[in-house]
Amino acid sequence: MPDEPQTLDPAAPPARTATSTATTADSSAPARPHGGGTSPAVQSPPAAPGPRWSLALVTVGLVLAALNLRPAITSFGALLADVSDGLHMSGSVAGVLTSVPPLCFAVFGITAPRLARRFGPAAVVCAGMAAIFTGLVVRPFATGTAGFLAASALALMGIAVSNVLMPVIVKRYFPDRVGSMTGLYSMALALGTSVAAAATVPMTDALGGDWRLGLGVWAALAALAVLPWIPLLRDRARDGAGGGTGDKPAAPAETAAPRVARSRTAWALGCFFGLQATGAYITMGWMPQIFRDAGVPASTAGVLLAVTMVMGVPLAFVIPRLATRMRNQGPIVVALGLCGLAGYTGLFLAPAGGAWLWAVLLGVSNCSFPLALTMIGLRSRTGAGVVRLSAFAQSVGYLISIPGPLLVGVLYQHSGGWSLPVALMGGLMVPQMIIGCLAGRDRTVEDEC
């Protein structure tokens, strides 16, 4: 990500006076857990981010927002064959559509810090939820691939900016509870993912078998997610700074933010994020089709995807808490990678025979996502650093993940089977483990910049 000329915290408003800049405590400076770096900085205790109702509202907003960060994708994956037939797509075109999510996340996610600096994180997340709602409402009415793609891109744009700002909001409002709050919204994200995967096909059948209704019903959940963020818009300055309570002045911007593009750890984290995202989006986009082609009924294939996704519900809460207690997250990276390697091996050898076991193993492997989010919070000491590192790692990561789903679609169409695609997916687990160990080392981007 190119360096921006302004080095202040992108989510903080400008300081009102020189006096307030010099005397107000930095409200976004995080408490450092274990594994946070070797060069501690002297930081003031974080100011309370607002009244109790505000923190409760942020918590509800985080959970509802997280529930909406994947249904637009997994509901499409569950109905991929029906949508492809309805819109007359080839396997390659369907592969392009499964590559659209990471492309949108890379392109739009990089704008999140600038938007957060201008409007405040809560306002951007609120707008993101509104974009998801609009895209999901419009998408079922598409009469061709181009319209379907445009509506999907709108929803994915909202998901992209929210993806980047979730760690930022956690770091700002809950600086001493990064692990538990990251686990909470990661658990909600996994729950939304798995419910959409499991329920989309049955709901579509209950609605008369129309895939358009089966996709559009998820707009209701997005509409609900807009509501908690609206009251937070009335005090944008406090929201942007994570600032004080009552009559306390808002916190100033932090000191210089690190130029993360110069950090080897930031690049390792971006590559790790990209490799785990590649596996996740291939799984969400293609796993139901793999099982269906192996003779598994469509409804069961959707449930198998749901099993894969639902594994993240408990583990997404446990893994971030465990990661914050370790100085080096490499052992967790390896354990998750080995589960993925075993799952893909089974999918290669006996896709239908051990389907439930492979779904469980791949679900455990996909918990590299909440681990990557947690490491974003651990690899920087400041809120400004987290903003930049989150945008950088996610944008680089999603760019890396773009070819994966497309390549799987092309290999599937031209090889006439799933042997080559599954072998590719399993092979990617090896570099993921190696690079993840580099990203998990006990250091911060500030040390390296």
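Reader: How many residues of α18 are buried?
Author: Eleven of the eleven residues of helix α18 are buried, so this helix is largely enclosed by the rest of the structure. Buried here means under 20% relative accessible area, while exposed means over 50% and partly exposed is in between, with a 1.4 Å probe and protein chains only. Helices are DSSP runs of H or I with at least four residues, and they are numbered from the N terminus. The buried residues of α18 include S368, F369, P370 and L371.

Reader: What kind of model is this?
Author: This is a predicted model, in which local features need pLDDT of at least 70 and side-chain atom pairs count only at pLDDT 80 or more, whereas totals for chains, interfaces and linings use all residues. Residues are numbered from 1 along each chain as its sequence is written, and side-chain values use heavy atoms, with hydrogens and water left out.

Reader: Okay, and which residues of α22 are buried?
Author: In helix α22, which covers residues 429–439, the buried residues are M429, Q432, M433, G436 and A439. They cover an arc of only 125° around the axis (taken from the directions from the helix axis to the C-beta atoms), which puts them on the same side of α22.

Reader: What do the buried residues of α22 pack against?
Author: They pack against α13, α16 (330–349), α17 (355–365), α18 (368–378) and α21 (419–427).

Reader: α13 is on that list, so where does T278 sit, and what is T278 in contact with?
Author: T278 is in helix α13, residues 264–293, and at 4% relative accessibility T278 counts as buried. Leaving aside neighbours within four places in sequence, T278 is in contact (heavy atoms within 4.5 Å) with I400, S401, G404 and L428.

Reader: Which residues touch the most other members of the largest nonpolar core?
Author: A nonpolar core is a set of buried Ala, Val, Leu, Ile, Met, Phe, Trp, Tyr and Cys residues joined through side-chain atoms within 4.5 Å. Of the 120 residues in the largest one, V83, F148 and L371 touch the most other members. The largest share of this core, 14 residues, comes from α13. Not counting residues up to four places away in sequence, V83 touches F76, M89, F148, W211 and L215.

Reader: New topic, how many aromatic pairs are there?
Author: The structure holds nine aromatic pairs. Rings of Phe, Tyr and Trp (its six-membered ring) pair if their centres lie within 6.5 Å, and planes under 30 degrees apart count as stacked, over 60 as edge-to-face and the rest as tilted. F76 and F148 form a tilted pair, 5.6 Å centre to centre with 45° between the planes. That pair links distant parts of the chain, with F76 in helix α3 (residues 71–78) and F148 in helix α8 (residues 145–173), 72 residues apart.

Reader: Are F76 and F148 buried or exposed?
Author: F76 counts as buried at 7% relative accessibility, and F148 is buried too, with a relative accessible area of 1%. In another pair, the rings of W267 and F392 have their centres 4.9 Å apart and their planes at 90°, so this pair is edge-to-face. W267 lies in helix α13 and F392 in helix α19 (residues 383–401), so the pair ties together parts that are 125 residues apart in sequence. W267 counts as partly exposed at 40% relative accessibility, whereas F392 counts as buried at 0%.

Reader: And how many disulfides does the count come to?
Author: The count comes to zero disulfides, where a disulfide is a pair of cysteine sulfur atoms within 2.5 Å. The sulfur of C339, for example, is 9.4 Å from the closest cysteine sulfur, in C367, which is too far for a bond.

Methods:
Helix = DSSP H or I, 4+ residues; strand = E, 2+ residues; numbered from the N terminus.
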